Amino acid sequence: MATSSTPQRPDAQYVKIIEPPKAFQPLNLLELWQQRELLFLFTLRDVKIRYKQTVLGILWAVIQPFITMIVFSFVFGRIARMPSDGIPYPLFSYVGLLPWNFFSNGLNKAAAVLVTNSQMIRKIYFPRMILPISAILSGMVDFLISFAMLGVLYIYYGINTPHVTAGLKAYALSNPVFAESAFRAVTANYEITANIVWLPVLLLLAFLSALSVSLWLSALNVAFRDVGYALNFALRMLLYLTPVIYPVSALPEPLKLISALNPITGVVEGFRWAMLGVDSAPGPLLLVSTAATLFLLVTGAYYFRKTEATFADLV
Amino acid sequence: MGENAIEVHGLGKKFYIGQAEKQTDMMGIIRNAITGPFRRMASLMRNQLPEAADIEFWAMRDITFEVKQGEVLGVIGRNGSGKSTLLKTLTGISAPSEGIARIYGRVGSLLEVGTGFHPELTGRENIFMNGTLLGMKTSEIRKHFDEIVAFSGVEQFIDTPVKRFSSGMQVRLAFSVAAHLDPEVLLVDEVLSVGDAEFRRRSMSKMQEITSQGRTVLLVSHNMASIQHLSNRVMLLDAGKMLMIGEPTKIVSEYLKRTHIAPAEASVDLTEHEGRADGSTPILSRIRILDAAGEADSAVPVGGTIKFEITIDTGEQVVKNAWLVIAVMDANDVRVTTLRTLNQNMDSLTFHGQQKYTCTWPDCNLAPGEYRLDIEAMSSMTQGKVLDSVSRAVAFEVTPSDYFGIGRVIRRGSGLIWVKANWELDPTALAIS
């Protein structure tokens, strides 16, 4: 359709043009930024209603990973004797479960979010991308609660911190009562190191990897409800392809980098490196996983934008 | 002024209609369940959405118009004429298939009151949620917060989850948020018909206030009275095409003429009537208009007797606690009066099989003109109470008469009804002080 000659207007910044969707819809990230208040409110709403009318409330965010940890420790740690980079298996699996749960809970919520909010989508215009983003962001609260629980595990397993170790050693040697636990602490090869400063970056990567997959899934789910059925199953499979119950170091060499094509793999290994100070710096793994994430993120965002215009008609 | 706020050129929207699988027997259902996945995958290979058939359907096409800044454009048309599609396209909710539209200025839209209300959140939280969804800034909502709450009249419950609100309260709160939207261009769909009579009156005057502030408004409504009242121009859509656009009273009367049923038809079969509301159970089967002698006649002189005979047929079904409602509407779509079995001389009815109810109006004092009836069968046993509802079921004409007995036929009189009032001159007040 040829554009007719329209006079320039003083308020041209507010021109809204409505056209059939192009093959490549621009991402329009500016609009997303302008609607950040809405994003915030959606996230807040999700957090507020998540544990409404439950007795245990936010405790569920701790109970789930904690019980999973116990079961994993028994089955994989005790019975299957899975290697764990020399870290007590419960601690090893719990640290791995933190980003994994954030990822899989985020996917579960975000994949369905366009369908569960169909009423809104049919009646009001807003950048739809806000919905999957807020669904994942709201999982951050659960993550932080379960992360706090990690502190308890640290104390239980007497984690080493380099600067107090020397003092601890001296004190323990002078006091036989503590000698045994001090010995354990000093000889343990896990400790809180300076790696921990990378945690915010890893958290951002965890968010981006969940978002990258969710953009694809949520958009596909509008037309194909198969996604809901497939996802449940796929996540259960993916857990075994992610180094949550085993370390990447247990994999044969060529598989190590291939396993990192799974966007969350790098983050899970990165978490252990940051939180437990394991030796294996996950650099190459993180690079591969981040590249996979960025690829899915960009293609997912364009796919989402391309199909966005049909959501209201299909959902 | 004088500049366009909305420009629409050749806008069209196409849908593919899927055909429902018409298999009702057990074997058919099983066969479909087995072959379905393969058929659907095959259609995916052909780059087609499953379920979608090849049937193309244009919900609207070739829509071209302009709206000047500060103008209020009303959009009318029957169900399925493309009104909602036009509005959804302009708001950006769903993309057009062809054409282009430009909207200049901050756009706000209101297709439904209460979108995004969450039952678990409090009134206060929902005001912020809903307001932001409608395009307000949090700071703006905070500024108008007290006004919004006051207008809704739910002050006491503002920190209660809205699931504890009555539906009326929810609607009032939702409308109040919407009423405080402050965009330069407002796109509105049929929102004036919510709440009780008192609230409708208030929202109508709020709407009037909004439209008189020099804002550009595109208003879709079924209510001819409010469309005429609020709009500067009216556009008539039919089957996705723009039929005409122009002066409100002219377009509205043209629309009413088109949807009008010839008054000569004093007996109308309702079983397959096009005015039946979606989701109704077709119980109302016939309406007849009778004169005092019981003869079918669709014209009555002012002051004459008119009878409405409704035949219902529920088949085997027994419906208890039921009642019938006849709404008498004038040519401008204003409800003149309501005749109902309940609260008049009949108590709750029991519908069973075929029954005939006759409503006699002994002194039909409506002003001369054309009227039509909307008929409803209600029951407190059904969800939402409406069993069956047929609008524009039948029309009748009230003809001029010597209503006041003065020996000549009065042709005109303003107002909706004629009243035999009694005038007197007070003989004691003769003295001029």
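This is a predicted model: local features need pLDDT of at least 70, side-chain atom pairs count only at pLDDT 80 or more; totals for chains, interfaces and linings use all residues.

Q: Okay, how many helices and strands are in chain B?
A: Chain B has eight helices and 17 strands. Helices (H or I, at least four residues) and strands (E, at least two) are DSSP runs, numbered from the N terminus. The C-alpha trace of chain B spans about 85 × 70 × 45 Å along its principal axes.

Q: And what share of the residues in chain B is buried?
A: It's 38% of the 433 residues. A residue is buried if 20 or more other C-beta atoms lie within 10 Å of its own, exposed if 12 or fewer, and partly exposed in between, with C-beta atoms placed from the backbone.

Q: Which residues have the most contacts inside the largest nonpolar core?
A: Those are A:Ala206, A:Ala210, B:Val75, B:Ala178, B:Leu218 and B:Leu219, in a core of 136 residues. A nonpolar core means a set of buried Ala, Val, Leu, Ile, Met, Phe, Trp, Tyr and Cys residues joined through C-beta atoms within 7 Å.

Q: Which helix gives the most to this core?
A: Helix α4 (residues 89–116) of chain A, with 14 residues. Apart from this core lies another, of 36 residues, B:Phe308 and B:Ala393 among them.

Q: B:Val75 came up. Is the strand around there, β3 (residues 72–76) of chain B, mostly covered or open?
A: Covered: five of the five residues of β3(B) are buried. B:Val72, B:Gly74 and B:Ile76 point one way, B:Leu73 and B:Val75 the other way. In a regular strand the side chains alternate between the two faces of the sheet.

Q: Which strands does β3(B) join?
A: Strand β7 (residues 216–220) of chain B is one, parallel and with four bridges; there B:Val75 stands opposite B:Val220. Strand β8 (residues 233–238) of chain B also runs parallel to β3(B), again with four bridges, and B:Ile76 stands opposite B:Leu236. Two strands pair if DSSP finds at least two bridges between them.

Q: What do β8(B) and β9(B) form?
A: A hairpin, with two residues between the strands, and B:Ala239 in the turn has a positive phi of about 50°. Five bridges join β8(B) to β9 (residues 241–246) of chain B in the antiparallel sense.

Q: Switching topic: how many residues does each chain give to the contact?
A: Chain B gives 40 residues and chain A gives 29. Two residues are in contact if their C-beta atoms, placed from the backbone, lie within 7 Å.

Q: Which element gives the most on the side of chain B?
A: β4(B), with seven residues. Strand β1 (residues 15–18) of chain A pairs with β4(B) in the antiparallel sense over four bridges, and A:Ile18 has B:Ala101 as its bridge partner there.

Q: Last one: is helix α1 (residues 26–45) of chain B buried or in the open?
A: Of its 20 residues the number buried is zero, so α1(B) lies largely in the open. A kink of about 45° lies at B:Thr35, shortly before the proline B:Pro37; the bend at a residue is the angle between axes fitted to the seven residues ending there and the seven starting there.

Methods:
Residues are numbered from 1 along each chain as its sequence is written. Chains are lettered from A and ligands numbered from 1 in the order in which they are written.
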